[in-house]
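Hello,

Here is the structure for you to look over. My notes follow below.

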Amino acid sequence: MRSEWTAISDDLGPEKVILLREPRIGLEGILVVDNTAAGPAIGGIRMALDITVDEVARLARAMTFKNAAAGLRHGGGKAGIVGDPTMLPHEKERLVRAFGVAIRDIVDYIPGPDMGIDEACMAALYDEIGRVVGLPRALGGIPLDTLGATAFGLAIAAEVADEFGVVDLAGSRVVVQGFGAVGAHAARFLVERGAIVVAVSDSRGGMADPSGLDIEKLLLWKSAGNPVSEFAGGTAIAHEALIGYPCDIWIPAARPDVFTAANAATVAARLILPGANIPATADAERIFHERGVLMIPDFIANAGGVICGAVEYAGGNATHAFATIEERVRDNTREVLKRWQRSGDLPSVVAIDMAGERVREAMTYRRSF
Ligand code: NAD
């Protein structure tokens, strides 16, 4: 492959970069199967108007590392459908079904949901190709966002950080950006472990109380469709005020690149637990490292969702999924923190080394002629 074809082309992948078009339906899509040494690739489909091959290739590589680090019998891949994610459901279903027809024969890719793609889309795709993760319960799916699978993994990573002396979870003050499927459950799981949540936000603004928000009441308030900034039990704060809010643990659970060179020095937390992928720029990550702020690598801390998907695909249930998340996230976070303490390297560097070793070992078992 010519190296300029995608942002990433090296000894690990990608194995396939496919552009998909069905002009009669208006489908334009991208599929990148990065690496299948450990098994068929699992990775989400993202719907966005500005999706590019490079973006999908980077996300596919992140899935290779995430799945390898989690010890799954799956490689990494990712797909993109060009479209407005707010389109009407029947229009979305048409595009998703057309996408399914286009990837039917690419059997080393198992699609899952990502931004703009929900359970109903996955059910339509299952109807077309019979191999997906993230199905509705009626089709044997494990409703990972309702149960908080990814957030549960974050809480386990926090327990390990406590074990390594980074924070004292009991009494820790927590900030959560993005009170959605990941953020709201993370708040709940951390409160169960003795932490107090001092500030949260959603797309409309933030809410804070230095003595701790009542998370149970806030969950009810939010699940009724209300913005956190109108919750009665605290003081409304602006989005920007969340970054430097006094706390011990900061959870980005909304969008990428929240921390930059311009704001990383103002973060008061000692531990960053990424629910969102790529929450910090490379510069911000270096600043954290120099300041002794531990940011657990995103693909280690937020692997709960894909672990749940893999258990679903193998026919397991929610109990099995949570036990697997607990075991894998705990072991991997321990291993990364051990290597980090030993080497003094950035946590993301040691985590990529660890995942890369696992992918390369899996590759030695493949036919090479
Ligand atoms: P979600 O849509 O359920 O929740 C996102 C929340 O963020 C919403 O409450 C939204 O109002 C809020 N938000 C949006 N923009 C914001 C902003 N600028 N400031 C503050 N809040 C803002 O999504 P989710 O499933 O919870 O995913 C959150 C992030 O975690 C995403 O980046 C996603 O890619 C990543 N992630 C999710 C999973 C999973 O299992 N759901 C797994 C791995 C990674």
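Phe 152, Phe 189 and Phe 322 are linked into a cluster by ring pairs. Rings of Phe, Tyr and Trp (its six-membered ring) pair if their centres lie within 6.5 Å; planes under 30 degrees apart count as stacked, over 60 as edge-to-face and the rest as tilted.

A word on the source. This is a predicted model: local features need pLDDT of at least 70, side-chain atom pairs count only at pLDDT 80 or more, and totals for chains, interfaces and linings use all residues. Residues are numbered from 1 along each chain as its sequence is written, and side-chain values use heavy atoms, with hydrogens and water left out.

**Aromatic pairs**

The whole structure holds 6 aromatic pairs. One of them joins Phe 65 and Phe 299. Their centres are 6.1 Å apart with 35° between the planes, and the pair is tilted. Phe 65 belongs to helix H1 (residues 53–69) and Phe 299 to helix H10 (residues 298–301), so this pair ties together parts 234 residues apart in sequence. Helices (H or I, at least four residues) and strands (E, at least two) are DSSP runs, numbered from the N terminus. Both Phe 65 and Phe 299 are buried. Buried means under 20% relative accessible area, exposed over 50%, and partly exposed in between (1.4 Å probe, protein chains only).

Now back to the cluster. Phe 152 and Phe 189 have ring centres 5.5 Å apart and planes at 65°, so the pair is edge-to-face. Phe 152 sits in helix H5 (residues 149–163) and Phe 189 in helix H6 (residues 181–192), so parts 37 residues apart in sequence are tied together. Phe 152 is buried at 10% relative accessible area. Phe 189 is buried too, at 7%.

Phe 189 also has a charge over its face: Arg 188, at 4.4 Å from the ring centre. The test is NZ of Lys or CZ of Arg within 6 Å of the ring centre and within 35 degrees of the ring normal.

**Backbone**

Most residues other than glycine have a negative phi, and most peptide bonds are trans. Which residues does a cis peptide bond join? Gly 13 and Pro 14, with omega about 0°. Pro 14 is in the segment before strand E1 (16–22).

Asp 257 has a positive phi of about 55°. Asp 257 lies in the loop between strand E10 (249–252) and strand E11 (271–272), and is partly exposed at 40% relative accessible area. Ile 278 has a positive phi as well, near 45°. Its loop runs between E11 and helix H9 (282–291). Ile 278 is partly exposed, at 48%.

Best wishes
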